[in-house]
Amino acid sequence: ENLNVLQRVLRESSNQNHRAAAAYVIGYAPNKQDVVPYLIEASMDPFNSVRTNATRALGAIATLATNQPELGIDIPVDNFIDMLNSVIYADRRMGVTVLSRLSAAREPRVLAELRKRALPSLVEMSLWSYTGHSYAPYQILGRIVGLTEDEIEETEESIEESIKSLKEALSKLKDRQKEIKKRNEKQKQVT
């Protein structure tokens, strides 16, 4: 019953403080998958405090989902990729935080979507001067190109050199994809 009240407040309250409080509390619900849609919606709220609380809760749930995949918690990445491309700094930081947790499992679907829609923003963010803010985007880029967590950690100190290496690896990956596509097209023509 309390969960229903929180869900209703999150979706219907005209008071941003009430929505922010509901976003904060609802993340503690026992069945995390039940609250994910509400938190996703709240992460797009016009008010920063609501977005922040919803995204923090989703970040914690994303960690749980990665650490315990048997729970079957599914958090779509679309909204967080949109956040990476936002002009609002806080949205970019919140989006990358959730995506760093969601990409930890290295699910091909997640990495492919990040590769397709987030590369320019991730590269730019990984070059930010404060390592505390640039590491998560750098980590995601490393995962996209197939570096191990150890390799990502080893290269942390020379991020700019690593970004160059990542760009080269991405270029090679794109070239390889083009080769495969051409080969598949030729095979289709033969058959």
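**Questions about a chain of helices**

Colleague: Among contacts in the protein chain between residues at least 6 apart in sequence, what percentage joins residues at least 24 apart?

Modeller: First, this is a predicted model, so local features need pLDDT of at least 70 and side-chain atom pairs count only at pLDDT 80 or more, while totals for chains, interfaces and linings use all residues. Residues are numbered from 1 along each chain as its sequence is written, and side-chain values use heavy atoms, with hydrogens and water left out. A contact here means heavy atoms within 4.5 Å. Among contacts between residues at least 6 apart, the share that joins residues at least 24 apart is 60%.

Colleague: Buried residues make up what percentage of the 191 residues in the protein chain?

Modeller: The C-alpha atoms fill a box of roughly 60 × 50 × 30 Å along the principal axes. Buried means under 20% relative accessible area, exposed means over 50%, and partly exposed is in between, using a 1.4 Å probe and protein chains only. Of the 191 residues, the buried share is 41%.

Colleague: Leaving aside neighbours within four places in sequence, which residues is S100 in contact with?

Modeller: S100 sits in helix α6. Its relative accessibility is 11%, so S100 counts as buried. With the neighbours within four places set aside, its partners are A136, Q139, I140 and R143.

Colleague: At roughly what angle do the axes of α8 and α9 cross?

Modeller: Axes are lines fitted to C-alpha atoms, for helices over the stretch in contact, and angles run from 0 to 180 degrees between N-to-C directions. The axes of α8 and α9 come within 7 Å, and the crossing angle is roughly 135°. That makes the pair oblique, since under 35 degrees counts as roughly parallel, over 145 as roughly antiparallel, 65 to 115 as roughly perpendicular and the rest as oblique. So the angle falls in the oblique class, at roughly 135°.

Colleague: How do the residues of the contact of α8 with α9 divide by class?

Modeller: On the α8 side are L119, L122, V123, M125 and S126, and α9 brings H133, S134, P137, Y138, I140, L141 and I144. Ala, Val, Leu, Ile, Met, Phe, Trp, Tyr, Cys and Pro count as nonpolar, Asp, Glu, Lys and Arg as charged, and the others, Gly among them, as polar. The division is nine nonpolar, three polar and no charged.

Colleague: And which residues of α7 and α9 make their contact?

Modeller: The axes of α7 (residues 108-117) and α9 (residues 131-144) come within 10 Å and cross at roughly 110°, which means that α7 is roughly perpendicular to α9. The crossing is left-handed, meaning that the near helix is turned anticlockwise from the far one by less than a right angle (right-handed if clockwise). The contact residues are L111, L114 and R115 of α7 with I140, R143 and I144 of α9.

Colleague: What about R106: where does it lie?

Modeller: Phi of R106 is near 60°, a positive value in a residue other than glycine. With a relative accessible area of 25%, R106 is partly exposed. Its place is the loop between α6 and α7.

Colleague: How far apart in space are P69 and A105, C-alpha to C-alpha?

Modeller: P69 lies in the loop between α4 and α5. P69 counts as exposed because its relative accessibility is 57%. P69 and A105 are 36 residues apart in sequence, and their C-alpha separation is 8.9 Å.

Key
Helix = DSSP H or I, 4+ residues; strand = E, 2+ residues; numbered from the N terminus.
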